[in-house]
Amino acid sequence: MQNFKIERDGETATVFAAGDICASSAPELRPAMRDLVKSGVRRLVFDLAQTSMLDSTGIGLLLATFNSMRGVGGEFSVVRASDEILDLLESMRINQHFPVSGR
Amino acid sequence: MAGLDDDVVQEYLAECLEHLNGIESELLLMEQDGAEVDDLRVNKVFRAAHSIKGGAGFFDFNNIRNLAHKTENVLDLIRSRRLVATSGVVNALLLAFDRLREMIGDPAASEHADLSAILSGLESLTVSSLPAESKDLPHRAMQIRTGEKQARVSATEFDFDAARKSGQSIYLIEYDLVHDVQRQGKAPLEVMKSLMTYGRLLDTAFDLDSAGTLDDEPSNTLLLQVLYATCVDTDLIDVATGGARDRIWKVDRTGACQAIAEEAVSVDEPTPTAAAQQPAAIVEPQSAKTAADIPGTSAADSPSSGNAPAAAGANVETTVRLHVTLLDSLMNLAGELVLCRNQLSDAVARRDQTMIQAASQSISVVTSDVQQTVMRTRMQPVGNLFQKFTRFVRDAARKLGKQVRLVIEANDVELDKTIIEGLSDPLSHMVRNAVDHGLESAEARAAAGKASEGAVFLRAWHEAGLVVVEIADDGRGLDAEKLAASAVKKGLISAETARGMSAEEKLDLIFLPGFSTAERVSDLSGRGVGMDVVKTNLDRLGGKLEIHSEPGQGSSFRVKLPLTLAIIPSLLVSAGEERVAIPLGNVQKLIRIAPEDVASRIESVGNARVLTLQDALVPLIDLSSALAVDGDAGGSGASQTRAAGAMSIVLLSGGAYRYGLIVERLHETMEIVVKPLGRRLKHLRQYAGATILGDGCVALILDAAGVASVEGLLTDNVSRQIAETARFGAADTHQLLLFHNSPEESCALPLHAVARVEKIRPNQVEVVAGRRSMQYRGRSLPLATLADTAQVSALPLDDRLVVVVLETARGTLGLLAAQPVDVIEADLNVDPLAERQAGIIGSAIVRGRTTLVLDSFELAEAALPERTPEQRKGAETAFKTTVLVVDDSGCLRQQTASQLASAGFTVLTAADGEEAWQTLEARGQEIQLVITDVDMPRLDGLQLTRRIRGDRRCAYLPVIMLTSLGREEDLKRGKAAGATAYCLKLDRDRLLDTVHDVMANAVPAGRRESAGLRELARNVSEMTGHAAPCLSARGETK
């Protein structure tokens, strides 16, 4: 079952990840993200409105996506993170790499 | 998080509050000291913040910890002379401590508090308030190196300093999120949270390379470096942080790292002198992130600043600190008592009269010692209370843009704890008045040749066994003439009265209810509480208030207070078998009226009686009926019986009341020990407490203000109006509906009980299950005849049949009667019937005919079964009552309005008191009830209520005040303002009940819309075929 949805508008794509971004969902998300970058997306937004949890693998995925986007000169951001996720990302100062905003 | 009810947590919270006590004055002194700040002082405040932080971290109160921490940082800067305690800095600190106190008061909610503004305010202080050249010094980033490698995290010298000062070490921890966290089954958030519990994150940085890109295989490592300051020791650091021991380094103040795994010899802690030196390791100065402005530091935009004036009077302390010697002497006395008891029981056993006497003597000595010592435990210095005003005055002055100096002179004067607590609110009010109204602006002062800085004095001293507390200012003083003019303008006194008043009496005008409410709507003053309330509150404390004023030189308010309230001199009086104690402080006069003078000096208005006293009219309250005890002359015949004998009246006066209490007997005065009433009796506002008399009987202590409000003597205004009506109105004139029962029996009902009169046909009357009823306006209307309850002739059911629709507390009732029907205004002299009959008050001569005067309540009681509240709600609203709902919240107003509308009321609404007043002015005739919120812009609920009470057109209009849960203050103020009842906001069930209760108990006369009366008159005249007599619009007053 697909746990995420992608809305694409030209070079911009928004990924809506439902449930957790974690070790079990990453294998599915990862190739999808790769395809997006390959197909010329230069603005990638992770919408975490439906995301309840982020584990280490999930963080790794976000960073890898950011690294890939940076490699092609694109932008990456995370929006609508829950308070908990926002706390986590901010305490890790991940927001000094890419913009992170809450709900 | 540890449970909030946990003893340890409670102890911590109590301790925090203790730490916070006195902080305010220390901070203010710091502000005064400025650059010359006293280390000891800063240390004291610092320690407070520090201990709060420590405990908060332990119990997981993160917000409290963060705020305390940031506060501590600022204090540290002040301590190290890198920041001057300017008024801006102190303000931010004051706000921060306010907030801490708030959060500690409600730790459960503290976690959800939004502290961003205040935190960034404090944070920016550490930078912005520094002298320009040193600004970036503490924020210079230091590089952290592990061996030759440079760490991705960095910290500022400031961080290092702060950590060192709080005894923390700094560690560099490199986590592999995959290895150390994921594979250990932990969530990253968990790890970060536990880090924040034991210390402080200085910086965090990912090794982005370790994450790889999407093209790479999912990486097996994800490196996160954390720079961490904590008190945790090296040997436990891996356990505390969950990091791998081989990837944790201890960082010294040069930025060099030493792996803890190989830390055999501990790294030298930097010596304090090293702090002054420039660290050698600084490679490139980076300006750290700082907020550009200082949000949250100005008093105006802080959410808590609105509460600031209340802070002085806020919390009542539940614990007392005592000197050990005092406890020791109590302990000794307890020992003495035991000895005395032994002596006594021995003596009793031996029946040795001499020994018994000796024992009794020593017991009496020990008892008075105990009494004195215990009293001393309750004594607290007034100075402590005064100190709270330092902040209060400072904030008020800032807000008003005035320069004000507070001078405190208390010289160890002590007062009973209860008095000190009760003094807080009235003092706040008077101090606020002094700053707001008493003192002139700096310009005006300069123009008057005074120093631009105004002074407010708080003084306390002993005088003749009392304590005098004085609130004085050197401002413009009170202008007696202006006060008098203003009172005349507001209709509180007549111009004639004003002319006859002495200057002192004119000054006392500010205590009149309704005086200090109008026009003053500055942010600080004029929020509803007038000087009348201040006076009432002081009365409760047994305080007497005096005003002195020297125009142009300033004014002073002196409060004379007893040392304690626990033992008070009282007058004992009796009502029936009951003896009641009246605190002497409330007693103004004792009056005895000789039997022959009773008739000339006592006048009645309806049920109310007034006493003529030196040209003034004073309302009277009968103690027996007020306390519902059976007196010698209880019941309705009281006045007649009394008329025969002499009358003893105790004249009571206080803030907003002055009335005579009719008592049966006066006894002696004595000192009584006040015992509080139990919880179950607390709601009885007539009583202030109880005491035990010498003979072992319990006597209740009367609360003079309570009796006045329970008896409906709300303000002087109302009583004055009653009195006026008594003097000028035709006291016994009633509007009556006349009708017949049988053709020979003429009956009358007070018009106010009658809603409508309808002509009906006999066949409209239905009999179901033995009860008569009829269809009336789509409902079933229960019917009764007078013959149902009283021994009168049966009503002939013929074409002269009418139904008189009565609106009663029980519900709506149709009384069957016969034409002719008429409405008259007549003097009524009701004589009791030889034999009492239910439903009939008595007989009177009306238009030369003996007429039965009926009692609508008794009729209803007999005819209508007790209803369930639901039925009541439906049935009683068959007759529309027009309600004015006043609330500034559109949503709440709508909710209340629609609830009432659906219950059948006609609802008018207003968004604030001013609008409500306009509505009352325009449509007052229709409105029978006002339901109002308390806090509203322009004119609040209390002011509105006072205005209603103060206007004779609507003084009797019932007012229900909607209050928030737990706002006891509101209740008190509401009562004082003259509210009829209260209801909790959003308590939908209670609201309807309250409305019904209020409407049932309201004095319906006079307020019944005269439009309605006219309609009724028309309705009658249609039926009778001749024009109804003219109905005056003047309300009848009962």
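These questions and answers walk through a predicted model, from one chain's outline to single residues.

Q: In what order do the elements of chain A run from the N terminus on?
A: Chain A holds 3 helices and 7 strands. Buried residues make up 51% of its 103 residues. From the N terminus on, its elements run β-β-β-α-β-β-α-β-α-β.

Q: Among contacts in chain A between residues at least 6 apart in sequence, what percentage join residues at least 24 apart?
A: Contact here means heavy atoms within 4.5 Å. Take the contacts in chain A between residues at least 6 apart in sequence. The share that joins residues at least 24 apart is 68%.

Q: Is strand S5 (residues 223-230) of chain B largely enclosed or left open by the rest of the structure, and why?
A: B:Leu223, B:Gln225, B:Leu227 and B:Ala229 point one way from S5(B), and all are buried. B:Leu224, B:Val226, B:Tyr228 and B:Thr230 point the other way, and all are buried too. That is 8 of the 8 residues, so S5 of chain B is largely enclosed.

Q: Which residue is the bridge partner of B:Ile173 in S5(B)?
A: Strands of a sheet pair through backbone hydrogen bonds, either parallel or antiparallel. Strand S3 (residues 169-176) of chain B pairs with S5(B) in the antiparallel sense, over 8 bridges. Within S5(B), the partner of B:Ile173 is B:Val226.

Q: Which residue in S5(B) does B:Arg200 stand opposite?
A: Strand S4 (residues 199-206) of chain B also pairs with S5(B). The sense is antiparallel, with 7 bridges. In S5(B), the residue opposite B:Arg200 is B:Ala229.

Q: How far from B:Asp473 is the nearest side chain of opposite charge?
A: B:Asp473 lies in strand S12 (residues 466-473) of chain B. B:Asp473 is buried yet has no salt bridge. A salt bridge needs nitrogen and oxygen within 4 Å. The nearest side chain of opposite charge belongs to B:Arg445, at a distance of 6.7 Å.

Q: Which residue's backbone nitrogen does the side chain of B:Asp473 reach?
A: Leaving aside neighbours within four places in sequence, B:Asp473 is in contact with several residues, among them B:Ala434, B:Phe457 and B:Ser555. Its side chain also reaches a backbone nitrogen at 2.8 Å. That nitrogen belongs to B:Gly475.

Q: With which residue does B:Glu440 form a salt bridge?
A: Side chains of opposite charge can pair when their charged atoms come close. B:Glu440 is buried, with a relative accessible area of 8%. The closest N and O atoms of its salt bridge are 3.1 Å apart. The partner of B:Glu440 is B:Arg445.

Q: How many residues apart in sequence are the parts that B:Asp416 and B:Arg378 tie together?
A: Their side chains meet in a salt bridge at 3.0 Å, N to O. B:Asp416 lies in strand S10 (residues 414-416) of chain B, and B:Arg378 in helix H15 (residues 353-378) of chain B. B:Asp416 is buried at 0% relative accessible area, while B:Arg378 is partly exposed at 30%. The pair therefore ties together parts whose separation in sequence is 38 residues.

Q: How many salt bridges does a search of the whole structure find?
A: Some are linked in a network. B:Glu24, B:Glu31, B:Asp98, B:Arg101, B:Arg391, B:Arg394 and B:Asp395 form one such network. Over all chains, the number of salt bridges found is 29.

Technical notes:
Residues are numbered from 1 along each chain as its sequence is written. Chains are lettered from A and ligands numbered from 1 in the order in which they are written. This is a predicted model: local features need pLDDT of at least 70, side-chain atom pairs count only at pLDDT 80 or more; totals for chains, interfaces and linings use all residues. Side-chain values use heavy atoms; hydrogens and water are left out. Helices (H or I, at least four residues) and strands (E, at least two) are DSSP runs, numbered from the N terminus. Buried means under 20% relative accessible area, exposed over 50%, partly exposed in between (1.4 Å probe, protein chains only). Lys and Arg count as positive and Asp and Glu as negative; His and the chain ends are not counted. A polar contact is a pair of N or O atoms within 3.5 Å; within protein, one must be able to donate a hydrogen and the other to accept it, and residues adjacent in sequence count only if both atoms are side-chain atoms. Two strands pair if DSSP finds at least two bridges between them.
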